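Visitor: I am new to reading protein structures. Could you walk me through one, feature by feature?

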Amino acid sequence: MKKAFEIIDHTADVGIIAYGANVKELFSNAALALFSLITNLRSVEEKLHLNLEVSSEDGESLLVEWLNELIYLFDVKHILFKRFDIESLTHNQLKATGYGENFDPMKHKIKIGVKAATYHMLKVDKNGDGCKAQVIFDI
Amino acid sequence: MAQWQGQLIKIDDYRWKIPENYKTGMRVPGLIYASKEMLESMREEQTPEQVANVAFLPGIVGYSLAMPDIHWGYGFPIGGVAAMEIKDGVVSPGGVGYDINCGVRLLRTNLSEAEVRPRINQLINELFHNIPSGLGSEGKIKTDQKEMARLMVEGARWAVKRGFGYEEDLGVTEEGGCLAGAEPGKVSDKAIKRGMPQAGTLGSGNHFLEIQVVKEIFDSHIASIMGITKIGQILVLIHTGSRGFGHQVCTDHLRVMEQVVSKYGIKLPDRQLACAPIESKEGQDYLAAMACAANYAWANRQCIAHWVRESFAKVFGKSAEQLGMKQIYDVAHNIAKIEEHIVDGRKLKVCVHRKGATRAFPPEHKDVPQCYQKTGQPVLVPGDMGRCSFVAVGTEKAMRESFGSTCHGAGRVLSRGAAKRSIKGADVIRELESKGIVVKAGSVSALAEEASEAYKDVTEVVNVVHQAGISRKVAMAIPIGVIKG
């Protein structure tokens, strides 16, 4: 199987490169990359699910918006996600269900606090092989 | 990545110019404050490119400036200063940064190193217990929406009114701890939801609280006006900002500006530089929300200062007054301010973006507190936890050439990942202990990211701004106790 994502290093911060056979998979993998920065995904169970919906102007900013929504949900509702079903995805709107559980300090080790997905060095590429996206996070 | 190959024209030993013709689209030249030795790593990191990119922004006047602690940021470099003329200029959330009004507050005490060393462990434990810190830390301050709205408008005064610290603290805080123009209605529900539980918390990352010992005094007259009177005196430095609240404000408004950039016909070399005219609705909305976040940060540092005083009082069995725990100053490191500056002989109203830079106003400036009218505004420059921090003052020269701005800290040289791979948190603790520094951290592994090796030497940074004349060194202190989130 092709790898889902990789982590890239940036002087003050950290970023991800996510891959996908299609855009849905790309968005799902980018979100998994985000949560793998925050904690060890293997320690997260699917105990709850949440309907997620974001919209934006174009594909690149939709990706930033999507990741920022998940960062917000972790910061405020303390939800760690480990799987996503992307139900619909257009150039400016995404509907998905996220599966995961509430953060439990006894169970989940927080690796870093991710505070925002940025537009900096943002790239979303599509080619015959599939899709690839780069996002830098503020931590 | 290949080294940055652009031209840097030497003006003198500490000033390097990026000519306006380096890139089509630059409206002003770039000016980097650095020693020759520092240029190498700046080229390596491509930061001059970011300095040049900022020069594209409409309305920028003078230079796109970079302080010696500059490092690669999102869009704007960290350590960058840019002033835009109000009437045809833009404001850019990226020119302030995510952690709006991340800043530092310095308290003095009348205690000496000899009095504090024997109780340092107890003191650090008490502080760690009393001040919420770490990832996702939630505060002891309970606010509802109404209280949050007051906090956003009143800033540090909100905290003083509720018994956190003294009225006189406000007089020695930039803007009196309250930036005018804050409108809670311009802040999203999301930002408020993130902000409410985190009020009164230190946070994580590079935020810290340090017990310091004065090691060197460069100007004893100015130092004595600040109440720094002897080597060995204990100071307390608090470094934190607006937490998730400021991040959400920045995220929300970046998104708005991202959408309107083309409407205003602005061409940008990097999406993260998204901006809008200062006088447009989007620009005004951002400034009103940014002021809310700046005020949140001042309230945050005000509360933390109060708990620092409480903790000292408990450990030493004396009141904070008896311990002489007065505030020296509090400065913002990430902020945009409407100020008046002389540019090419003309008095202009400008929006000064300071992203990882400190205001450094000179003696006799109207915005400098009465007690510092003769010295200039105190400038607080924290270093990394294994080295030292500086107190300096603003100068007339800063006013003339850097929009009254100077450096803000050490500046990273190693990415967090690289630091973590090469350094272990436990080793950092041992190394610091061997230097006589006690550390308590929410996350030991995160400590590695903040190890000395990850930062430039702040002494070199401060020496450049001192030699260049945009601020003057007053005193240097080293940590003996550190709390990291």
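Guide: Gladly! Let us begin with an idea we need: two strands pair if DSSP finds at least two bridges between them. Keep in mind, too, that this is a predicted model.

Visitor: How many bridges join strand 4 of chain A to strand 5 of chain A?

Guide: Nine bridges join them, and strand 5 covers residues 93-102 of chain A. The two strands run antiparallel. For one example of facing residues, look at Asp85(A), which stands opposite Thr97(A) of strand 5 of chain A.

Visitor: In what order do the strands of the sheet lie?

Guide: The open sheet of chain A has three strands in the order 3-5-4, with antiparallel pairing. Strand 3 (48-55) and strand 4 (79-89) of chain A each have a single partner strand, so they stand at the edges and one side of each has no neighbour in the sheet. On average, neighbouring strands of this sheet are turned by 25° against each other, direction ignored.

Visitor: Which helix packs on the sheet?

Guide: That is helix 1 of chain A, residues 23-38, which touches strand 4 and strand 5 of chain A. The direction of helix 1 makes about 170° with that of strand 4 of chain A.

Visitor: At what angle do helix 1 and helix 2 of chain A pack?

Guide: The angle is about 35°, and their axes are 10 Å apart; helix 2 spans residues 59-77 of chain A. The crossing is right-handed. Residues making the contact include Phe27(A) and Leu34(A) from helix 1 of chain A, and Trp66(A) and Phe74(A) from helix 2 of chain A. By class, this contact has ten nonpolar, no polar and no charged residues.

How values were computed: Residues numbered from 1 in each chain as written. Chains lettered and ligands numbered in written order. Predicted model: local features only at pLDDT ≥ 70, side-chain atom pairs only at ≥ 80, totals over all residues. Helix = DSSP H or I, 4+ residues; strand = E, 2+ residues; numbered from the N terminus. Axes fitted to C-alpha atoms, helices over the stretch in contact; angles between N-to-C directions. Contact = placed C-beta atoms within 7 Å. Left-handed = near helix turned anticlockwise from the far one by under 90°. Nonpolar A, V, L, I, M, F, W, Y, C, P; charged D, E, K, R; others polar.
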